Amino acid sequence: QVQLVESGGGLVQAGASLRLSCAASGRTVNIQAMGWFRHAPGKEREFVAAINWSGVRIYTADSVKGRFTISRDHAKNTVYLQMNSLKPEDTAVYYCAASPRRSWYNPGGATGQDEYDYWGQGTQVTVSS
């Protein structure tokens, strides 16, 4: 089992920055990749960004490309989501997820929620206009 704990959410004004952190513990040796998803009220949960454990492969949703950056600290078993130029439409609960699956590397795998077996509890990000 892998446990994930997110932190760093909050209430900010449009244009501000936040950095989310996700600390993994437990059987982290099984992790192939980690990702961030978000769930806004009235919408389905959507993919934001993902990174494989070596940091070589990175995927970012078009809606946040150029503003959000995913990174990882292997030694700390932690993944970060740096969010700049935040907009009100970025308001959502942000979830960290971990994938132990080799199929994550298949086309479309990184963005598919079904590829992730472990999920954090979520952290709220609210961006006011």
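Me: In which sense do strand S4 and S9 pair, and over how many bridges?

Reply: First, some background. This is a predicted model, where local features need pLDDT of at least 70, side-chain atom pairs count only at pLDDT 80 or more, and totals for chains, interfaces and linings use all residues. Residues are numbered from 1 along each chain as its sequence is written, and side-chain values use heavy atoms, with hydrogens and water left out.
Now the general idea. Strands of a sheet pair through backbone hydrogen bonds, either parallel or antiparallel. Strands (E, at least two residues) are DSSP runs, numbered from the N terminus. Two of them pair if DSSP finds at least two bridges between them. Here, S4 (residues 33-39) and S9 pair in the antiparallel sense, over seven bridges. Trp36 stands opposite Cys96 in S9.

Me: Over how many bridges do S9 and strand S11 pair?

Reply: Three, with S11 covering residues 123-128; the sense is antiparallel. Val93 faces Gln124 in S11. S9 also pairs with S10 (residues 118-119), antiparallel, over two bridges. There, Ala98 has Tyr118 as its bridge partner.

Me: How many residues of S9 are buried?

Reply: Buried means under 20% relative accessible area; exposed is over 50%, and partly exposed lies in between (1.4 Å probe, protein chains only). In S9, eight of the eight residues are buried, so the strand is largely enclosed by the rest of the structure.

Me: Which cysteines form a disulfide?

Reply: A disulfide is a covalent bond between the sulfur atoms of two cysteines. The cut-off is a pair of sulfur atoms within 2.5 Å. This structure holds one. Cys22 and Cys96 form it, with their sulfur atoms 2.0 Å apart. The pair links distant parts of the chain: Cys22 sits in S3 (residues 18-26) and Cys96 in S9 (residues 92-99), 74 residues apart. Both Cys22 and Cys96 are buried.

Me: Why is the disulfide called left-handed?

Reply: Look at the S-S bond of Cys22 and Cys96. The torsion about it is about -80°, so the disulfide is left-handed.

Me: In what order do the four strands of the open sheet lie?

Reply: The order is S1-S3-S8-S7, with antiparallel pairing. S1 (2-7) and S7 (68-73) are the edge strands, each pairing on one side only. S1 and S3 share six bridges. Val5 stands opposite Ala23 in S3.

Me: Is Val79 buried or exposed?

Reply: Val79 lies in S8 (residues 78-83). Its relative accessibility is 1%, so Val79 counts as buried. Contact means heavy atoms within 4.5 Å. Beyond its neighbours within four places in sequence, Val79 touches residues including Cys22, Trp36 and Ile70.
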